[in-house]
Structure formats: C-alpha cells, structure tokens
Amino acid sequence: MPGKLKAKIVAGRHLPVMDRASDLTDAFVEVKFGNTTFKTDVCPKSLNPQWNSEWFKFEVDDEDLQDEPLQITVLDHDTYSANDAIGKVYIDIDPLLYSEAASVISGWFPIYDTIHGIRGEINVIVKVELFNDLNRFRQSSCGVKFFCTTCIPQCYRATLVHGFVEELVVNEDPEYQWIDRIRTPRASNEARQRLISLMSGELQRKIGLKVLEMGGNAVVGYLQCFDLEGESGLVVRAIGTACTLDKLSSGSAPNTNTHMHPNTAPASNACNSPSKDGKEPVFVEDLPSSSGPPTPFRALPTSSSPPPFSPSKPCSRQSSSSDTDLSLTPKTGMGSGGSAGKEAGPLRTLLRQQTQTALEQREFPFFTLTSFPPGFLLHVGGVVSARSVKLLDRIHNPALGNTRSYKLLDWNSVTADEPETRDAWWEEIRQEIKSHARALGCHAVVGYSESTSICEEVCILSASGTAAILNPRYMREGCLDIGCTDHRFEEPSPPNCGFCHIPYDELNMPFPAQLTYCYHCRRQKVPDVLFTTIDLPSEAAVAGKGCLIQARLCRLKKKAQGEANATAISNLLPFMEYELHTQLMNKLKLRSMNALFGLHIQISVGENMLLGLASATGVYLTALPAPGGIQIAGKTPGDLSSEHISSIQKRINDTIAVNKELYQINPPKLFALDPEVFCGINMELAEEGVGSPIPEPRHRSRLFRSHSESSDELSELDLSHGKKDAFVLEIDDTDAVEDIHSLLIDAPPPTGFYSCNTENMPGISNWTSGVQMFTSVRVLRLSNANLTNQGLNKIFTDLCENLLKSFYFKLRSMIPCCLCHLNFTVAVPEEELIQVTVTAVAMTYDKEQTQEKTAEKPVNKGSLEAEEQLQFPLELCADSSSSNIQTASKISGVGESTNMSPRAASVDYGSFADRCSTWLELLRLKAHTIRRGSVKTSRRTQSLAHSVSSLERCSPLQEGRSRSLRSSRSFGGSSVTVVKMTPLSFLPGTRIIKYLGIINMFFIRETTSLREEGGVSGFLHSFIAEVFAMVRAHVAALGGNAVVSYSMKECVFMENPNKNQAQCLINVSGDAVICISETDQESSASTANTGQTGGSETDGAT
Amino acid sequence: MSVELDVFVGNTTIMDEEVYQLWLDGYTVNDAVKVRMEGGVMDECEASKDVLLSDTMDQYRTFQMCERLLHSPAKLANQLLFQIPPHRQIMLIERYYAFDDTFVREVLGKKLSKGTKKDLDDISAKTSVTLKSCRRQFDNFKRVFKVVEELKGPLVENIRQHFLLSDKLARDYAAIVFFANNRFETGKRKLQYLSFQDFAFCAGQLISNWTVGAVDNMVEDMDVDLDKEFLQELKELKILITDKDLLDQHKSLVCTALRGKTKVFIEMEGSFKNLSRGLINIAAKLTNTKDVRDFFIDLVEKFIEPCRSDRWSAADMKLYLTHYTNSAHILDTFK
C-alpha cells in the first residue's frame, strides 16, 4: 500500500441556483478516487456553502496514483427526485508524487460542467503520503519529473541526456460506443474526459518507467498528443527526452545550468565518483539488440592505437540519389561512414565519431529538445522529415489490447486496437527520419516532433526534426572527467558559427549545395541556407532581427474513399512539400535572410482539400553567406512585356531593401553589398588560404512552379535548382505572376512589432515585463464550391495574414512588442471549413537597449587559434572508440532489421517515393537547397566570435523591469492569484525557482443552445476563457504563479447550427512553476549571478 | 466565403476603454466600428475595417460575458474566469455604473418598477440616450436600490462597499435611491430647470439632516426614510406664522440683520410674511406622504418663484435664509 491520498472539501462559492423556488442550492460533494467514493454532508440553502469536511482518505497503489485523477462532483440534493449534478473537478495528483515539487494542492477550483461550463468554485485541499517502495518490479514510476519545456529547465542542470522515450496507449473512444446512443451527452463527455485523463496518466507512468530503466530521473520536452480516430479508437501518444537532472542549489548561480564547461561547472557528485561509472555497462557489446531499452550515450574515453587515418580518402557512402541506399542505411549503420575520416576537419570527424558511438547504441537518437546548453550542438545538417499516409479502417482488428487499457474502461465491449499497430507505424517513420539524418552525415536528430492529421479513415503521420551532430560530452556519465580531457582542446569550432558548419562530406554531399567558407571563422564550410526545427542557439551570431516567415498552401483533391483517397493524398504530398519549401525560400530571400529556425510544417487533410502551413523564424546568420536576390525572368516574351517584368523586379528589389531596413540587417561584413550586385559576378573564392577553392560552376535551372509540367521534366526536377548566382523566378504563366504577387502580399508587421515562432526572438533580448498570452481561433466557410487552387491559396493566405493583422491591432498598446512562439495550427473540420488556431505570447521589450546591443559586437578571436593547436590528442582517443562502435552498430543493425514490422496495409508515402526518383528524396530531406549569388571576398573578414550572452551579462539590470509584474501580482486584497501563462520556457524579468509539475488537461464542452450562448463565437470564446481559468486555478492550487511552455495541443470544434448544437474539445499542457522577480531575487541572494540578466538569451540556452 | 467563427482570448483579458464606452452607450457592433473608424484608430496600426470589426466583436462578447459579474461587482475580484488587473476592474465597474445626467433626470423620483421600465423607449427618444444604455442605467438603479433596501448602516457607505464605487458615484446613487424611495416629484415643467446634480445636492442635505440616520445610525432604512418624528415636530413651526406677534418679531429681526446688506431689501421686506408662510406651510405638511412628493414643486412655487420675480440673487437668498433661521432661534419661543 504505497500511498495514502487525503482530500478535504472546505467550501464552495458562487454556486448556481439549482432550486428555482428558493433561488438557492442544497449542495453536497462526492469525492471519488478509483472505486472509492466519499460524500460530504448537504449544506442546505446556500450558494456559498461551508462544508469543512473531515479528511477523506484513500489508500491506493502508487500506480493508481499516477493514472487516476481525483474526481470531485458537486451535486444538488433533492429529496424526491435524483440529485442534480452541478459540475465536476478533476485534479491530477501527479505533481504531488515528486519529492521536490508541490507538497499540497489547495485552492479554489472552478466547478466544470460539460454542458454549462463553469458553475461556481470549490475549495479543496489534497495531500499525498507516499511510502517508499523498494519493489523492483513495480509498475509505477513515481518521482520521474516531466517537463513540457523543450530545453533544460531553469534551476536544473543536465548531468546526462539519455535520449528518446516514446509510448502510446490505445483505447476505444466512448463517443463511438453503442452505449453512447442511450446515455446523455453529459455522461458521454464525462466518460471521455475521464478516459483521456486515465490514459494520459497511464502513458506518463509508462514513459516514466522507461526513463527509470534508462537510469534517468526526468523527461524534458514531453509532448503528448491525442489522435481522435473516430470509430477506430482513441490514441494517446507521447514522446520526450529522458535526462538526468540535478537541481541547482539556490546558492549557486541559477542560470548556469548551461555550463557544462568543466572550468565553471561545479563538481557534480555523480560525475566524480568512479563507482558510478562502473555501475552500468560501459560498452555497446552488452546490448543484444536495439529493441531493448536504450542506454545512455557513452563513449570510450580510453584510447588504444588508432587505425590509420586518411582524411582525404573519398568516401563510398550512399549517395542521396538512391532511395534504396537510404532505406538500407539504418541496417548497415554508418559502417563505411565511420571508418574513414573523410571529413574535411579531422577534429570534427573525431568528435562526431565519438558521439556516434554513443548514439549508435540507441534505436532512435532523437531529442525533443529545441535548445541546448552551449556547446552541446556541434553541427546542424538540416531539416529531416517524413510523412506517411495510413488508412485507419484497415487496422480495425479487435485484437487483444493492452491489458491495462481494459482496466480503464467502465464498459464491457472493448475492441481496442493493438497499440503495436500504431507503434509499428511510428517506428517506420522514425526509421526513415533516422536514415535521412544519416544521409546528411548526422548521427542525431534534434528538435524532433511528431504529429498527425486525421480525416475520416485517412491519417497522415508526420515527423520532423533537425539532423545534427552533438557533442559527446553530454552523452555519457561522468561528464566531468571527460570534460577535463575535452577542456584541453577547447571547442572544436567557435560557438557562434560552429553549428552552421556542414556535418556532411563536401565532396559527397547528400544533395547539391553551394558551400562557402564560414564567414566567421573562415575555416569550415557552411551552406548558403540553413533550415532547422530548433531554436536559434543562444551563442549564434546574427545580424538584425528575425521575423516570422510562413508558407501557406491549399490543394484541392477529389473526394474519394479508402485506398484511392490515401493514394491521392500521398500523391499530392510531395508537391505540397515542394511548393511550401519554394515559398519559404522565396520569402526568406525577400527578407534578405539566410536561415530558418523553428521550422514547423503542418499538412492537414480534409475531405476535398489539403492544407499546408509552414512556419519558421527567418534570421540572418552572419556565418552564412549573404542571400542572393530574386531575379525575375520571362519565359514567353509575348505574354508579358519586359516592362512588366522589370516592374515586378523593381518591386521585389524594393521589398528586399525595405525588409533589410526593417529587420536591421547590416551584416558585419565589408563586402555586404546588395544582393543584386552579385548577380552575374563570377564566383571567386575566398582568398583565405584555409582551404582549396571549391569549384562551383554556374548554371541556371528553372524553378518549376506548377506540377502540370510533363513527367520527364519532373524527373529532372531538382530541389536544389542547380547552382546559380541569383534565385530566378521564371514567369511562364499567369499562375507564376500570381505567385509572385502573393509573395509580396505578406505585409510586414507594423512599426513597433516583431514576430517569431521560436523561443527567442533573434535580435531582441531585453524583455520588459509585459506578457500577454493569447489564443485565437478563426473558422472560414468557403461558400464557393468551384474554387481553384489559386483562389484557395489566396483565401488561406489572407486568413493567416488577417489573423496576424488582428493580433497587431489588438496588442497595439504593448508596442514596442514582439509576438513570440506564434504557433499556427490548421484544420479542415468540415468540407468547406478552414480552421486556424493560434497561440502565442506578446512580450514588451526595451527599444533603446536593443539598438545599443546590436550596435556593439565584441570581437574575440584569440581562442580560435588556440583550439587548432590542440586537435591532435583528441583524435587518438576518439578514433579508437569509433572502431569499436562500428561493430556495435552492425550488431544492433541486425536487431533492427528483424525488429522491423511488416508494413501495414496502407498506402505509404515512402513507397510512393520509391517510384519517383532522386528529387523526391531530396525534397524530403529538405535541407538547404536553393542557390544564391556568389560572393567575392578580397579581404579577411573579422571573425566575430562574440557571444551575445556575454554581452547580456554586462548589461545593467533594467530599472523597473519587474515593476509591472509585481504590481499586477499584488492583487489588492483579492483571493485570486495572478497566474501568468506563456508558451515560452521563461518569463521575462523573472527567474523560475521551482517546477511544480506538468499541467495536462483535457476538456469537452457541448451545448444544445448555441444561439443563446452567442453563437459559435460566443460558445468558443467562453470555453477558451474557461480553459484558461481552470489551468490558472490548478496552478494556483499547486502554489504556482505561472505556466511556462504552455500549449494548446488540440482544439477540435464541431458545430451543427441547424440543431443549435456545438461541441469542442481542448487539450492544453504546460509546466506549473513558481517564479520570482529578478530584482526580488537579486536582493535576497547577493551572489552576482551575471548570467540571468539577459532574459531570453540565457534562458534559451538552458 | 465568410468568417464562421472568430475569437481571441487573452490570458489577461484585453479590454479597450473606448470600445467599452461604446458598448455601454449601447452602440451596435457596426455603429461602434464606424465610430472607431472616424476616431482614427485605423491609422494607428495599419488596421482594416475587417480587423476593426473582428476586434469590436471580440470585445463586445467579452463585455457581455463580464456583465453578469458586474451586476455584483464584489464577484469580479474573486471570480476565476477572467484575469483582469485590479485597476481595470475598478474602471470596468465605475464605467458600468456611470449614468447620463439627462437620463437619470427623467427617472428621478419615479418608482423603479416594470411600469417605468416600459416607458424607457420614450425616455430614450427624448434624451437621445440609446435604449440599451437606458436599460442598463435603469437596471443599475434598481439593483442598487434592491440591495441597499435591506441593509443597515449609512446609505452612501453601503453603496460604496457593495458596488465598489467611488465616493462621488456612491453619493449620486444614494441620491437616486433616496429620491426613488420618497418618490419626490421632479418631472413637472417648473422643475425642469433643475439638474440632477442640484437634486443630488438636496438629497445629500436631506439624508444628512432629515432622515432617521441623522439621529440614530444603526436602524434599517435609516438614510432612506425621512424621520417621522422630525416631520411631526416641524408642525410646531406653524406658530411662526399663526402668532401675529411672533411673525412681526421674526420679521423685524431678519430685516434689522439684512438692512444695507442686500439690494433687494425693499422687496424682501415686503414679501417677508408671504415667504415665511410659504416655507412654514410646506414644512408643516410634510407628515403627509403626498406632500412629501410635492416637496420640491411646492418649494419652487411657494418660495423660489416669488423670490425670483423680485430678482433676488443667490447670495440674497442665502443671506435671507441664514438670517431667517438664526433670527428664529433668537425668538423666545424657540429658546
């Protein structure tokens, strides 16, 4: 009996009138946990009852504690008829199960009814007494901390990053059961809410178990999603990154959890003790197959005699042109890739191999994190993504499900699908992602996420991430020891440009890319454009500000059923991805930027159309070459006069110039000329003497704009568009003109506004305390059935643009301000409806300081030179480990192949790709592709090895930054705590001192009186407000005052205006925290913690 | 193509004071958009009409949802649905309970009943305050009336605590409640020149001097009802006009005091007896409810109008009344 749950019902207030005659209510409360129910006395004739009940005690397994919510039902006592339910409160007691999180849940909770919404509030106190359980075979995973935050949480320090954890649970959807026909909508909704709550609890427990097996104590970047598959069931799935986190004592510098640098890192106990090292198998050979639980990354610190090293040897590894090669990659491992150090930089190779060894061990070297401690991320390859179209009805086999799922159900007719089916689907996708990453010469995928889009029986599974090479230091235990060795060599490449350096072999590039020497260090090659799904590394050197870049696309599709439908969709997918990619690239050029961060591509399927929305934050990385301009070329001079073309060209050039001004892009280069100037200038190489010139023949290739092109043309279509100086848009038909116009439609944000979809706004870091999180939903009805793709595109683009305009207008009082973490979600809820849901946060910043900061950039070069001299010793040890790993990876490769489940009977996007040739594969790799103008350098550029964060430290703490925050918190005399919410991992001007646990809530709201509630808008408006209120109440009850990493994962809205009905499902999550104002903290702890003054930069780094 | 659904919800509820005022003033969404466009917000943020419309709709919805809470303002502070900073809450309440002087002038002293509510459209037409706004204001009066009716303690303080209003607004509401309770007639043509603030001042004076609360401060309805005993005692003043000697004595005392101090001395001396009779008669009749209602009209007809026809200034009036009262105190009968 490992736990005792105690609950006390104190009082209620603002209850609804349940008895019309007396205008009062005779309320009592039922408290239920598992199968045990307690009741309070009836408090007669009061709308503000005082129950002050005894402590209700539940003695339960910790397994149940994790799965079950505490269910509190408020009822109106009725002597003659059945008691009427007023509403319910579900309290997730998970936060009470961590030793260092909340110790009590106490506060006012809104009483929620799925039909009437919030009906009054109830004051409850909940406590848990946990007994230590030494049972090795326990099913619970109490104590494992969960964080939605996609970085190492503030006030923690990651001693070890174990890697990817995933799990999914399947059950039948109560809404689709026979019993639903005879029960009330309320009963049905409540069954659903309860089931999902149980399933999330179970899922979290199972993930926790995996983490414990891996030796971790926390999951960071926890992402849980629901798939409402309708008839075929309900899937709750989650992914995350298992870590071992150490809590930083409040005495030590709070924000230095990023410091894995041995010089500054305080000695961690775990790291120094040799016994710890011996506790777990050090070597990969111990791993029988990849199906077992992944172990922490570990690399060999000892060195034996290294095999001969041949850096110049050309490699024989798979070329990107071959699909089959790619699919083989995971099985053969990086045998060939790892054996020869054929990369340009030997040090890099070495480091990579070292990490590879660690990473090879695990099935999926994926990380759901999007920002990392400095030095963690060595190189970034580019975006990798995979999609697969599945038919849901095909797998409708009433096989025996997970035994645990049965327990969850209150009914008997269970025909849940085997979770293994879904597992296999995701396994397939992840394998594909892994192989893509390999093709980019990367051993890991960071910023990894998964999503689905379901329409009837068709389901698109998508996964995407950023291929990367990680620093092995973080992958193994006893990092400090290793750190000492590493320390002697310093970083392999300067931190502010190193991640841009290509991880793949320049002679055998996985796709045609134009490489130049890094504009920072001049020693390594960089691509001309970089696309990633992660946040901008805090140490990256950028010029000017970033901005939100969106590509939007609609594609009509014929209505179809079953396999035909799935085929049609998978045929459309590559075209959509291609076009989205082109749009992104064009828009990036138009803003004179050269990198995208936080790229998120969503493809939503509806009955008669597909919607694609790609959002990212564009930025100018000074390490990368300046982007070329966009050149307009006419194909048929008869159609369009050259005058017309030149006018368009002029508009584009003007836009670029305006944007440069707007985003303050003044790259710190002497040769930073207008991109147009470069058009036609012969490529000359950097006269750096660092490496030999890269031959780069110029030739222009056409950008194919429509897929009406003949198929033979298609086959030669190369996403890279060949290599050319400037990006050429060819106007061959009116569609192309439309496209160009639509490019120019994107209005820049009004003065005083910036926008991005990442955690950090590139170029802005001096946040003031104004924070406004918001959710906005817009649904558009397409009245015209005969719409063309072009027309649809326009409508969709306008919808998104108008939403942004609305935000700017509404938030105009916050100027100067930045909309951060703009998260757009699109859906096609019905045939002619388009739904866009946006959650973001507006944050005010200090305008004056920004300018100062961008103006001065410290130059720091000395360390670079020093590093070069220290390369050799590292090679020795690294190479030996790499050889060891090869064998290991081969072994595990076999395991993997046997593990591969047969493909489900469904149309697979991947198999479609098999039929097509190279370009499609490239398309999916979606790495930096389109070429830009050449650059001539005649001088040595200064390497600006400045670190933004160091600058931050120097900046004095702004006066009054926390003033407004505090004033708003001091809520004069009222009992309601102000709870701030933000989708970011930090709150400006404050420091998080405690994480109280994860908030993961699912609500259903239904109405049968839609008109009376103010129509669909009124209904949804109050529902969203209610959801916010319930989240805030739960956080406040935990003792918190903020929610960070908040996200609305699901917002499914269905209406039937004719019946005056509507229903909506919302799932939200986040981390409940206590944060204190930095100025408060400063006064309490006088220790100079320099790192934290710079709000976003440092936070992002953690 | 049409926008089916459009909502924007902030964690901190966003409210534009300008739109709030338009909503309170009873503008429809479309009219409000027009007003805002003319106001020039569009230039502020490169907004279009659609943006303005969407924003206005959102805000109107928010206000509608808040309205329920505004009916019992104390709830606004501890409700959980909207996160509104305290200073905003104060603004919301203050503005919600604010009223148009022209409107309140029309209903002042009337019974706050359904019957009066039915006449609101006439009042709306007359005052050019929108019907919606009239209804809100009327309902506010009624709500405040109902709540304070059952409360003990000082009227103004009760209103301020229950509705979290500013002192000024609480005093105005006290006047409205006081007038409604005593049903003072204020609608007659002869009273039209008096503004609400004039009456509010009178109400303040009456409440502090003539009510039960003026004597004992812990009785129910203490500030709302006139002190019956006091009114009864007023009858004794009749001696001032019925006793010829006393009347002359009083007159001579007042005249001595005023001689040379006012330009209208001659007129005053001439009409002293009439004026005194008028005042005392009004006072003596106040035990009668019907006469209480006519208090202001009587005062105007019997006292103010004669004075005005003699071209008294306000200062003359003040002087006269001061000495009228003081002299009465000197008389033996009242010593």
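These legends walk you through several close-up views of a predicted model.

**View 1. Chain A as a whole.** Let's start with the overall make-up of chain A. The chain has 26 helices and 31 strands. Of its 1102 residues, 65% are buried. Take the contacts in chain A with a separation of 6 or more: 81% of them are between residues 24 or more positions apart.

**View 2. Where chain A meets chain B.** On the chain A side, 57 residues are in contact with 40 residues of chain B. How much area do chain A and chain B bury between them? The value is about 4,100 Å², and 60% of it is on carbon and sulfur atoms. Three residues to look for are Phe809(A), Lys810(A) and His1021(A), which supply 20% of the area that chain A buries against chain B, more than any other three residues. If you wonder about the use of areas here, the size of an interface is often given as the accessible area lost when the parts come together.

**View 3. Polar partners across the interface.** Now look at pairs of residues that reach from one chain to the other. Between chain A and chain B, 25 residue pairs are in polar contact, counting pairs with both residues at pLDDT 80 or more. The rule also finds 5 salt bridges across this interface. One to look for joins the side chains of Lys810(A) and Asp58(B), with 3.2 Å from N to O.

Which elements give two or more residues to the side of chain A that touches chain B? Among them are the strands β7 (105–113), β8 (117–130) and β25 (767–781), together with the helices α16 (789–810) and α24 (1015–1037) of chain A. The largest share, 13 residues, comes from α24(A). Sorted by kind, the residues on this side of chain A divide into 31 nonpolar, 15 polar and 11 charged.

View 4. Just after α9(B) comes Ser128(B), with a positive phi of about 55°.

View 5. As a reminder, most residues other than glycine have a negative phi, and most peptide bonds are trans. Asn52(A) has a positive phi, near 45°, and lies in the loop between β3 (36–39) and β4 (56–60) of chain A. Cys155(A) has a positive phi as well, near 70°, and lies in the loop between β9 (145–146) and β10 (156–171) of chain A. Are these residues buried or exposed? Asn52(A) is exposed, with a relative accessible area of 52%, whereas Cys155(A) counts as buried at 5% relative accessibility.

**View 6. A cis peptide bond in chain A.** Look here for the bond that joins Ile815(A) and Pro816(A): the peptide bond is cis, with omega about 0°. Pro816(A) is found in the loop between α16 and β26 (817–827) of chain A.

Conventions: Residues numbered from 1 in each chain as written. Chains lettered and ligands numbered in written order. Heavy atoms only, no water. Helix = DSSP H or I, 4+ residues; strand = E, 2+ residues; numbered from the N terminus. Contact = heavy atoms within 4.5 Å. Buried area = accessible area lost by both parts, 1.4 Å probe. Salt bridge = Lys/Arg side-chain N within 4 Å of Asp/Glu carboxyl O. Polar contact = N/O pair within 3.5 Å; in protein donor to acceptor, adjacent residues only side chain to side chain. Nonpolar A, V, L, I, M, F, W, Y, C, P; charged D, E, K, R; others polar. Buried < 20%, exposed > 50% of the residue type's maximum accessible area, 1.4 Å probe, protein only.
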